[in-house]
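This report goes through a few selected features of one structure. The sequence and the model come first, and the notes follow.

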Amino acid sequence: MTVVVDETPTTAAIQESPQNALAPWHLRAGAFAVDFLPGIAVLATMALVSLTVPLRGLWWWVSISVAGVAFLLMLVNRLLLPTVTGWSLGRAVFGIAVVGRDGEAPGPWGLLLRDLAHLLDTASLLVGWLWPLWDAKRRTFADMVLSTEVQRVEPGERPRNIRQWTTVAVLTSAAVCVAGAAMSYAVVYSRDRAIDQTRQQIAIQGPKIVAQMLTYDPKSLHDDFARAQSLATARYRGELAAQQDAVQKGQPVINEYWVTGSSIQTATPDRATMLLFMQGRRGEGPEQRYITATVRVNFAQDADKHWRVDGLTVLTKPKPPGNGK
């Protein structure tokens, strides 16, 4: 009597084989967190930094560049490293691997499509991400669409020193986030301090500058106008010169102003706008009369950090005080 021994392994034996064991949900979640959270943290931090620093300034470009590098490294980790080494950082740490229907690892385009397909997992109110908890093959919706599954691998097959490399990546991303927050705070704080300094300087210097610019005496008209020109920016100097020419062609009389009240409307580190309420006297002797005026003045700081008038708008033309009688 011949006894035939069936050497074909049972299905249960195949499923229990470590090489074919499907990865549980907590390992997949851990690997996904390692692969994405450090990069997402850097992207979010740099996005916030870009909103707080001056637009298109040095630190704005630094934050945008760092965010771009972080996004590129995320793509390299998720799409290229698995193709070259067989692993992403997160999958290597938790000992899992993505395989296709043929048992081979997908290429970079396949991995990209799989990550994009994860949008289905998110759009389904995150149900797709939880689907592996009760699916027989522990698949997400993205796995179903791309015919992939995630399997556990033997510890000996993982790259050496992967935990050290992952620790370095996580700590680096944390350091970048802290540096970004510190940079944002420093830039915003320094800007606020510079604006406060502008307000303090303009509150003192602004009224004096405007009063000197508008005051002149026919006896020293040339020197007074030259002084006024020195108090104006190059942009406003031409308009001021035209006004001075009109005065010289007429019959100049003493014109003296002083500021009775002022209010700073806007301020930046190198510019400011001030509203000035002024009184003065025009002429002398029997023809002398006292006048009032309201002006809005734009100030700008030159290369030597000196404040200059960059524009002057008369809101209320000079008139006698009171009811004008």
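## Residue R91

R91 lies in helix α4, which spans residues 89–94. Helices (H or I, at least four residues) and strands (E, at least two) are taken as DSSP runs and numbered from the N terminus. R91 is buried, with a relative accessible area of 7%. Buried stands for under 20% relative accessible area, exposed for over 50%, and partly exposed for what lies in between (1.4 Å probe, protein chains only).

Which residues does R91 touch, not counting those up to four places away in sequence? They are A31, D35, R78, P82, I96, V98, L111 and R114, where a contact means heavy atoms within 4.5 Å. R91 and R28 are 63 residues apart in sequence, while their C-alpha atoms are 7.7 Å apart in space.

## Basis of the model

The model is predicted: local features need pLDDT of at least 70, side-chain atom pairs count only at pLDDT 80 or more, and totals for chains, interfaces and linings use all residues. Residues are numbered from 1 along each chain as its sequence is written, and side-chain values use heavy atoms, with hydrogens and water left out.

## Nonpolar cores

A nonpolar core is a set of buried Ala, Val, Leu, Ile, Met, Phe, Trp, Tyr and Cys residues joined through side-chain atoms within 4.5 Å. The largest one has 25 residues, and M213, V297 and F299 have the most contacts inside it. At least two residues of this core come from each of α8 (162–214), α10 (234–249), β3 (255–267), β4 (271–282), β5 (289–301) and β6 (307–319).

Leaving aside residues up to four places away in sequence, F299 touches several residues, among them I202, G206, I209, V210, M274 and W307. A second, separate core has 10 residues, including V42, M46, V53 and W60.

## Aromatic pairs

The whole structure holds 7 aromatic pairs. Rings of Phe, Tyr and Trp (its six-membered ring) pair if their centres lie within 6.5 Å; planes under 30 degrees apart count as stacked, over 60 as edge-to-face and the rest as tilted. W131 and F141 form a tilted pair, 5.2 Å centre to centre with 55° between the planes. W131 sits in the loop between α6 (127–130) and α7 (141–146), and F141 is in helix α7, 10 residues apart. W131 is partly exposed, at 26% relative accessible area.

Y185 and Y189 form a stacked pair, 5.8 Å centre to centre with 5° between the planes. These two tyrosines are separated by about one helical turn because they are 4 residues apart in helix α8. Y185 is exposed, with a relative accessible area of 58%, and Y189 is partly exposed, with 43%. F32, F36 and W129 form one aromatic cluster.
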